[in-house]
Amino acid sequence: ILVKILLAPGNVGYAAGVNICLEASREADFWWILNPDTIPDPHALEALVVAAAEYDAVAGVMYHQDGAVESYGGRWRPW
């Protein structure tokens, strides 16, 4: 696994920071984009990589701190 650390030109905000990282790593096979307050399940990345073998984009289930489901994730495959 290769991890790349980038320095943004300032406090550009979350979305712009994500865009800077995507632009700087176009050659990556996958991107795992997490909010700063995310606590991923230890097996989440493995499950997403397995799902990504069949789809072009995948997302896992996201939970609120109280355990309620925020989003059931999803997948995308172009026609």
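Which element of the protein chain has the lowest mean pLDDT, and which the highest? Strand β4 (residues 74-76) has the lowest, at 73. Helix α1 (residues 14-24) has the highest, at 93. This is a predicted model, and the mean pLDDT of the protein chain is 87.

**Confidence**
- In the protein chain, 94% of residues reach a pLDDT of 70 or more.
- Where pLDDT is low, predicted coordinates should not be read in detail.
- Among the elements, strand β4 is the one with the lowest mean value.

**The largest pocket**
- The largest pocket holds about 1200 Å³ of space.
- Its lining counts 33 residues, and W32, I33, L34, T38 and M62 are the closest to the pocket's centre.
- Helix α2 gives the most, with six residues.
- Empty space of this kind is found by rolling a probe the size of a water molecule over the atoms.

- I33 sits in the loop between α1 and α2.
- I33 has a relative accessible area of 47%. That value lies between 20% and 50%, so I33 counts as partly exposed.
- L22 and I33 are eleven residues apart along the chain, and their C-alpha atoms are separated by 9.6 Å.

**A nonpolar surface patch**
- F30, W32, L34, L45 and V49 make a nonpolar surface patch of about 410 Å².
- Two of these residues, W32 and L34, are also among the residues closest to the centre of the largest pocket.
- V49 belongs to helix α2, which spans residues 44-52.
- V49 is partly exposed, with a relative accessible area of 37%. Residues of a patch need over 30%, so V49 can count towards it.

**The salt bridge**
- The structure holds one salt bridge.
- E23 and R26 form it, and their closest N and O atoms are 2.7 Å apart. The cut-off is 4 Å, so the pair qualifies.
- Side chains of opposite charge can pair when their charged atoms come close.
- E23 is partly exposed, at 48% relative accessibility.
- R26 has a relative accessible area of 59%. The value is over 50%, so R26 counts as exposed.

Methods. Residues numbered from 1 in each chain as written. Predicted model: local features only at pLDDT ≥ 70, side-chain atom pairs only at ≥ 80, totals over all residues. Heavy atoms only, no water. Patch = residues over 30% accessible without salt bridge, like charges linked within 9 Å, V, L, I, M, F, W, Y side chains within 5 Å. Areas by Shrake-Rupley, 256 points an atom, 1.4 Å probe, with all protein chains shown as cover. Salt bridge = Lys/Arg side-chain N within 4 Å of Asp/Glu carboxyl O. Helix = DSSP H or I, 4+ residues; strand = E, 2+ residues; numbered from the N terminus. Buried < 20%, exposed > 50% of the residue type's maximum accessible area, 1.4 Å probe, protein only. pLDDT = per-residue confidence, 0-100. 1 Å grid on protein atoms, 1.4 Å probe; cavity = no way out; pocket = protein on both sides within 12 Å on 5 of 7 lines; lining within 4 Å. Points joined across faces, edges and corners; volume = space filled by probe spheres on them.
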